[in-house]
Amino acid sequence: MNGTTSSKQEQARLERFQRMHENRRGRKNPAVMPSKLARTAAFAPRKKGLITDSSFSRVYAVKPHAIVEVRGRELGSQHRDALYALFRLRARRQEVPNPQYDPRAPITMTSARPKLVYWHTDATWRQLLAATGKTAHVNNLATMLRVLEEIRNVTFRVFEGNWDSYEASRGRGRLPSAGFSDNLLGLIEWSGVDLDSSVTVRYGDWVREMFEAKNLVSLNGDVYFRLRSDYAKAIWPFLDSQPRYDWVSVETLSELCGRDYSTETTRQRVKFREEVRQAFDDMVTAGGLSSWNTEEVGSGRMKSYRYRFSHNLPLQGRLPLQTADTAQSDPSIPVTGSAPA
């Protein structure tokens, strides 16, 4: 039984690697990140007018990909930019001796681990500002630090399972499903306030678990940071992380932008579809898509819309897993059995 289970887990891991490799699309400096963070609506498509009240709480669902509850404040495009810049500069794995290690402790306790595993990004202020497209000037350092601290102070509850079971359990006042509650970022440390001073950002336990499990996707960071529309920034990661998708419904696009298309008025729907058209045009201009078009589905009150698209960079096909011998030739592919560098 254990051998069969282990074999299935290994096969699933290899399939995740294969999907990630197929989706690279010739990226030279991708953002390698947990898949649920690429397919979530937890970042509002705007920079201003965000709710900063510490009592803020909202559930964001992109069915069936991610159900995430954000607590602490509303996050916007500037927070997504900073997070994607960190992942573009690459997370790194670190093992340190566990000062509380006790070989007699139950295996489920942290003290039972001889070593602690952390994931972090090392960079300079200049690199962080450049990755987000901001001017490399010392006046921007405080803004970057504030945005990172705002992300750190927000709690993410990530639920497993589907939306129907989530709704049914919540309606009965029960905890909906298995999941994880954590801050995305932990320690933020910097050596100075010069542009070339080093900055270290440590990720929370949930992000660490996603990296350890290799539940990762690779996004075209060049395209993302060329986008001008906040709606495009909300939509592009979802499209780019789905290598086999060639269309998406207006309802899914609405969920990605933190909206519910089914409950909106005709005026709101028309306005939203205009925002979507501008977002798709922006993705073409940025070099992410080569073309797109809209098709109507159904009629009358049941009418909906599908947005078909073609990626500008074709799939690279089936690529072999990277080995230590090929690591230096293409650092964007993780070495088999290790973490992305």
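Biologist: In this predicted model, what do buried, exposed and partly exposed stand for?

Modeller: Buried means under 20% relative accessible area, exposed means over 50%, and partly exposed lies in between.

Biologist: Why is the contact of R126 with D196 called a salt bridge?

Modeller: The term requires a side-chain nitrogen of Lys or Arg within 4 Å of a carboxyl oxygen of Asp or Glu. The N to O distance for D196 and R126 is 2.9 Å, so the pair qualifies. R126 belongs to helix α4, D196 to the loop between β8 and β9, and 70 residues separate them.

Biologist: Why is D196 called exposed?

Modeller: Its relative accessible area is 54%, and exposed means over 50%; the term therefore applies to D196.

Biologist: How do you know that K63 and E255 form a salt bridge?

Modeller: Their closest N and O atoms are 3.6 Å apart, and the cut-off is 4 Å, so the pair is counted. K63 lies in the loop between β2 and β3 and E255 in helix α10, so the bridge ties together parts 192 residues apart in sequence.

Biologist: Which terms describe the accessibility of K63 and of E255?

Modeller: K63, at 41%, is partly exposed. E255, at 14%, is under the 20% limit and therefore buried.

Biologist: How many salt bridges does the structure hold?

Modeller: The structure holds 22.

Technical notes. Residues numbered from 1 in each chain as written. Predicted model: local features only at pLDDT ≥ 70, side-chain atom pairs only at ≥ 80, totals over all residues. Heavy atoms only, no water. Helix = DSSP H or I, 4+ residues; strand = E, 2+ residues; numbered from the N terminus. Buried < 20%, exposed > 50% of the residue type's maximum accessible area, 1.4 Å probe, protein only.
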